[in-house]
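Work through these exercises with the structure open. Each task is followed by a solution in steps.

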Protein chains: 2
Amino acid sequence: MSEVSAKKRQGSRGGKSTGSSRMLGMTDEGKRVTSYDVARVAGVSQSAVSRCFKPGASVSKKMRDKVMTVAKELGFQPNAIARSLISGRSNMVAVIINNFTNLYYPELLVQLSRGFDERGVHVLLFTLEHESDVDKMLDQVWQYQVDGVISAARLSEEQVSFFEERGVPLVFYNRSFQDYPVSAICCNQEEGERVLVNKLDAAGHKAFSIITGPTDSMVSNQRTQGALNRLKELGKKSVPVVEGDYGYDSGRAAFRELMESKKKIPDAVICANDVMAIGCMDAARHEFDLRVPEDVSIVGFDGTSTGAWSSYRLTTIDQPLEIMAEAAVSMLMDRVENRDLPPEKRSFSGVFLEGESARLG
Amino acid sequence: MSEVSAKKRQGSRGGKSTGSSRMLGMTDEGKRVTSYDVARVAGVSQSAVSRCFKPGASVSKKMRDKVMTVAKELGFQPNAIARSLISGRSNMVAVIINNFTNLYYPELLVQLSRGFDERGVHVLLFTLEHESDVDKMLDQVWQYQVDGVISAARLSEEQVSFFEERGVPLVFYNRSFQDYPVSAICCNQEEGERVLVNKLDAAGHKAFSIITGPTDSMVSNQRTQGALNRLKELGKKSVPVVEGDYGYDSGRAAFRELMESKKKIPDAVICANDVMAIGCMDAARHEFDLRVPEDVSIVGFDGTSTGAWSSYRLTTIDQPLEIMAEAAVSMLMDRVENRDLPPEKRSFSGVFLEGESARLG
């Protein structure tokens, strides 16, 4: 071993001193260890060191072992950041999320992160508190030179056009535009609601009610519209609609509002997500002493794990979260590799899950 | 407006062409717009442009307005990545998480992200599937030159020493070492369990049982040990302990196992988290037709929102998630600003939440 590496090892021994002036990965002069330092100590050329750190590059096992041993001794790390300036690839993608009331979103984040991690790409997380913060956040997204973006948050057509102008691939998750081409992964919300309405209708339900998510949620609007459209086709016109916020308490409050309104008591309540449906079930049982589903059928949407708990056994539409997340990851990475791919939409059908919260004949 | 900026605007108009050769933020020669381009068009010096983008730098409003207008026209963005090579600050922190069975962790991630976002710092997410992947993941962490790391995953003392050698501040979340100085934010798990045991004991419970999380979870081990220690002090020695995995189904299965064992039927079950306690309640009620809390008291730990649902009204210890996340963010950022700060531990007491799942006299 060379003097340099021996010193390094000495410096790092024990490793309990903080603020030490001699740190692993630094030369005695306090500079970052470079590939040239590794080459010098290993007695090889800098380009050989470089090849050893390049995935797929041709290099003998003997050479690689020698270089890697020295690199480890010196604490050399190829700098992903510096490399990104040369390659134009940062191996980071941004994920933009804004709605955390819905239990579904943190789970999505975990699935996306796993998918990217498998590809050696890391997720830079942007959480949006208010819609009005989008522009400020996009400024940050550009600055970090991410390779691409997945957005589960609403963006305007103008904001999307900035991505194209900058050549940064974007994939929407569960949102899209009708008149503006953009890549997107969606669950077919309308179809799912139509399936639910048809099943409830076939079982003889008469008095339908709807509990929506927040009015600015595109997903909630699609679900609500899907249910209302199908109900209208079935001749059911005056359907009470109460607004919730995707949260448990709002589901409870909305059910209370439905019961206390002068209109007829519902025998089927369609909720824009599972968590509100669970709130609704608890209100029906514990506040109004109703039996679910004998007195009132309650259905949700999402297929969250909580809906399967035996106190609820919710009848719902399962969004295929893992499949959709994986599709989003691969759709984005395809566009990072080949920026000329045209926008594409993939729409996944939700899966009807029959629980015990709806009387289905 | 200059010719350059007019061309840019023309190039970006409509914004629907993908793969366009002229992109916002690029010069006509296809190079990135730099601060020099902005300076030339605005008719000011490059250092003036630089000052305009430096937070807190002295610059007149007139100058700033002029520079910002031109920068916007040309699509100039200061490059956070390039800047990080000069400043040594990437304004990114890594968050390492490994346990997603527990509903608590995705919520933590969101809170951490919010805290960092407020400080203009972004979270690079690392999800760990297997403990054995830690070394590979740390390699990635070094490569991205993050300013600091929060780890809710287990790291060895040796792995922690690498952070010190590289001068990268690390804050543990809900884990720590006894014999090795490291910064950490913890909830006082033992104390919380002792509070629960004392309350159950005071109410006359006799047959205690424990459902643990995964054996490799430090948090679960601390909770279990806290409960067992206090039970031992109270003279209760042969306490059945069944292992779960933090998930709902494992709570159900563990309760079944307790009931089917030859030992006496429990009248108090202490679960290492809320989700298992919920599974336990459902098993007691729906599989064994027991009343909770009349026949058996069940308590959890975490204070998840689901525990408050009226079908459960779980008695539990609330970990002050938002406060702990904010403390972790500020503890880390303090060390990013000043690397000489010594390791520090902050331990927060959990808050006893009296629900209706335990008979408490």
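**Exercise 1.** Is Phe177(B) buried or exposed?

Solution. Start with the cut-offs: buried means under 20% relative accessible area, exposed over 50%, and partly exposed in between, with a 1.4 Å probe and protein chains only. Phe177(B) has 16% relative accessibility, so it counts as buried. The model is predicted: local features need pLDDT of at least 70, side-chain atom pairs count only at pLDDT 80 or more, and totals for chains, interfaces and linings use all residues. Residues are numbered from 1 along each chain as its sequence is written, chains are lettered from A and ligands numbered from 1 in the order in which they are written, and side-chain values use heavy atoms, with hydrogens and water left out.

**Exercise 2.** Classify the ring pair of Trp309(A) and Tyr248(B).

Solution. Rings of Phe, Tyr and Trp (its six-membered ring) pair if their centres lie within 6.5 Å; planes under 30 degrees apart count as stacked, over 60 as edge-to-face and the rest as tilted. A search of the whole structure gives 14 aromatic pairs over all chains. For Trp309(A) and Tyr248(B), the centres are 5.2 Å apart and the planes are at 10°, so the pair is stacked. Next, place the residues. Helices (H or I, at least four residues) and strands (E, at least two) are DSSP runs, numbered from the N terminus. Trp309(A) sits in the loop between β9 (297–299) and β10 (316–318) of chain A, and Tyr248(B) in helix α11 (residues 248–260) of chain B, so the pair joins two chains. Trp309(A) is buried, at 3% relative accessibility. Tyr248(B) is buried too, at 9%.

**Exercise 3.** What kind of pair do Phe177(B) and Tyr180(B) form?

Solution. Their ring centres are 5.8 Å apart. The planes stand at 75°, so the pair is edge-to-face. Tyr180(B) is buried, with a relative accessible area of 4%.
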